[in-house]
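Welcome, and thank you for stopping by. Please take a moment with the sequence and the model below, and then we will walk through some of the details together.

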Amino acid sequence: MAADLERLQRLLGGPELAGLRLRLRARFERGATCDGFTLMGLATAERRALAGLLGRPVGHAESMRIRLSDIDAALFHAGVATTLREALEVLDGPVHDLKATRTARDEAWGALLESVEHPRLKALIADPTGGSLLKRYAGSDPQRAAELLENIGRVIERLPERGRPLAHLAAAELGNAHALDSGSPVATLVLRAFGLEQYAVDGERSRDQWARLGITVNELAAPVLCLNLPTSADAVASRVARAAAAAGEPVPLTLRMLLRDPPAWGVAGQRVFVCENPSILSIAADRLGADCAPLICTNGMPAAAQQTLLRQLVASGARLEYHGDFDWPGVRIGNFVMRELQASAWRFSAEDYIAACAGSTGTLPHDKRTEAVWDARLGEEMLAWRRAIHEEAVIETLIADLSCK
């Protein structure tokens with residue numbers, strides 16, 4: 001029997017019955033097998049349509065107990081459709097078997113994951129967060145996920161690099177210079193594959209994360225300030241640092257210098273001091289010049305150039321010692337430097353804080369307390385004294401340590 005669309009529209013069509021049709025379609029989509037069921041919360045138009053179709057009086061109750069076989073029979077005898085399913089498909093399009101669709105999708109996901117061979121990609125999808133991100137970015141579509149994994153694999157195969165611009169990598173491997181911009185699916189999953197995405201919680205920006213892989217983002221921004229770093233190599237950064245050290249002058253080193261031609265630093269077994277604020281480095285250069293011990297400035301939370309240099313120094317055998325502001329942001333920066341860059345504390349303990357509090361009037365807010373990973377007592381004393389001590393307030397103590405004479 002061919003369905004009669006005009007009569008079906010009068011019986012079950014129109015916007016007033018759209019909600020009813022959706023509820024009836026949902027039973028077929030779920031694969032429901034029970035013949036009898038109850039429809040609750042029926043509107044007046046919906047009750048009237050069902051009652052008219054089944055030959056029942058229109059009641060006032062908002063629920064109705066019906067059987068699918070009765071609706072099929074009513075539609076067939078009326079000569080408008082063979083079954084309710086056929087009627088719904090004529091009115092609103094094909095009814096999809098959601099259970100079968102889910103099963104097919106799950107099987108496709110399983111086959112996709114089994115086909116992955118690259119170790120980093122296998123680890124990425126095995127990681128609950130990584131696998132969840134992949135599925136979310138792909139919209140649970142296995143084909144889209146396969147495309148994402150292919151793109152991620154292309155990028156991974158090129159890493160690590162030595163000072164390659166991110167936009168160039170994206171254009172060469174993905175055909176779009178912005179395909180690896182911050183927050184993009186491929187960029188996020190590539191960083192996750194290298195174990196870097198989680199560092200975002202520490203305030204590390206994507207630029208700093210890419211720098212760990214030898215990729216530059218705005219490579220000339222935020223250079224690292226240093227003073228008297230010993231080096232004998234012929235790399236660009238080495239020549240610049242050596243010339244500045246001979247004059248006892250601070251020098252900025254860009255991320256481009258550090259990654260494109262990594263210097264060989266002569267710091268094995270040496271102490272290299274690290275401060276938070278540029279003014280400390282400036283005062284040290286004014287007061288000590290070439291007689292100042294090697295000193296690096298993070299300029300707040302270390303960015304890409306600062307992290308790259310400090311990691312190079314550690315790899316060359318340096319012992320980093322860090323000092324920062326005695327306030328909550330300073331403690332958070334200190335936590336990052338101690339934990340991620342393998343530094344130890346330089347005049348940055350609870351005892352040093354108490355000694356510095358004499359005569360200080362800086363107020364420390366108490367609502368953003370941060371525990372210091374290197375000294376459990378420091379946070380307690382800062383909360384008790386409630387004084388903010390900036391590095392400049394203890395400059396004489398720091399200068400005494402930095403003096404090589």
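Is phenylalanine 326 buried or exposed? Phenylalanine 326 is buried, because its relative accessible area is 1%, and buried means under 20% relative accessible area, while exposed means over 50% and partly exposed lies in between (1.4 Å probe, protein chains only). Before going further, please note that this is a predicted model, in which local features need pLDDT of at least 70 and side-chain atom pairs count only at pLDDT 80 or more, while totals for chains, interfaces and linings use all residues. Residues are numbered from 1 along each chain as its sequence is written, and side-chain values use heavy atoms, with hydrogens and water left out.

Let us stay with the rings. A pair of aromatic rings is described by the distance of the centres and the angle of the planes. Rings of Phe, Tyr and Trp (its six-membered ring) pair if their centres lie within 6.5 Å; planes under 30 degrees apart count as stacked, over 60 as edge-to-face and the rest as tilted. By this rule there are five aromatic pairs. One of them is tilted and joins phenylalanine 273 to tryptophan 346, with 4.6 Å from centre to centre and 55 degrees between the planes. This pair links distant parts of the chain, 73 residues apart: phenylalanine 273 belongs to strand β7 (residues 271-275), and tryptophan 346 to the loop between β10 (344-345) and α18 (350-357). Helices (H or I, at least four residues) and strands (E, at least two) are DSSP runs, numbered from the N terminus. Both phenylalanine 273 and tryptophan 346 are buried.

Phenylalanine 326 has a ring partner too: with phenylalanine 348 it forms a tilted pair, 4.9 Å centre to centre and with 55 degrees between the planes. Here again distant parts of the chain are linked, with phenylalanine 326 in the loop between β9 (319-323) and α17 (328-340) and phenylalanine 348 in the loop between β10 and α18, 22 residues apart. Phenylalanine 348 is buried, at a relative accessible area of 0%. Ring pairs link Phe326 and Phe348 with Tyr322, Tyr353 and Trp374 into a cluster.

Rings can also meet charges. A charge sits over a ring if NZ of Lys or CZ of Arg is within 6 Å of the ring centre and within 35 degrees of the ring normal. The charged end of arginine 27 sits over the ring of phenylalanine 37, 3.9 Å from its centre, and that of arginine 136 sits over the ring of tyrosine 137, 5.2 Å from its centre.

Next comes a helix, α13 (residues 236-247). Its 12 residues should span 16 Å at 1.5 Å a residue, and its end C-alpha atoms are 17 Å apart, which agrees; the expected span is 1.5 Å times one less than the number of residues. Which residues of α13 are buried? They are Ala237, Ser238, Ala241, Ala244 and Ala245. These residues lie on the same side of α13, because they cover an arc of only 140 degrees around the axis, taken from the directions from the helix axis to the C-beta atoms. Among what covers them are β6 (251-253) and α14 (255-260), where contact means heavy atoms within 4.5 Å. The face turned away from the buried side of α13 carries the exposed residues Ala243, Ala246 and Ala247. After α13 comes glycine 248, whose phi is positive, near 65 degrees.

Now for the salt bridges, each a side-chain nitrogen of Lys or Arg within 4 Å of a carboxyl oxygen of Asp or Glu. By this rule the count is 18. In one of them, arginine 21 meets aspartate 92, with the closest N and O atoms 2.7 Å apart. Arginine 21 counts as buried at 8% relative accessibility, whereas aspartate 92 is partly exposed at 36%. Elsewhere, Arg212, Arg339 and Glu340 are linked in a network of salt bridges.

Finally, look at the backbone. Most residues other than glycine have a negative phi, and most peptide bonds are trans. Leucine 159 and proline 160 are joined by a cis peptide bond, with omega about 0 degrees. Asparagine 299 is not a glycine, yet has a positive phi of about 55 degrees.
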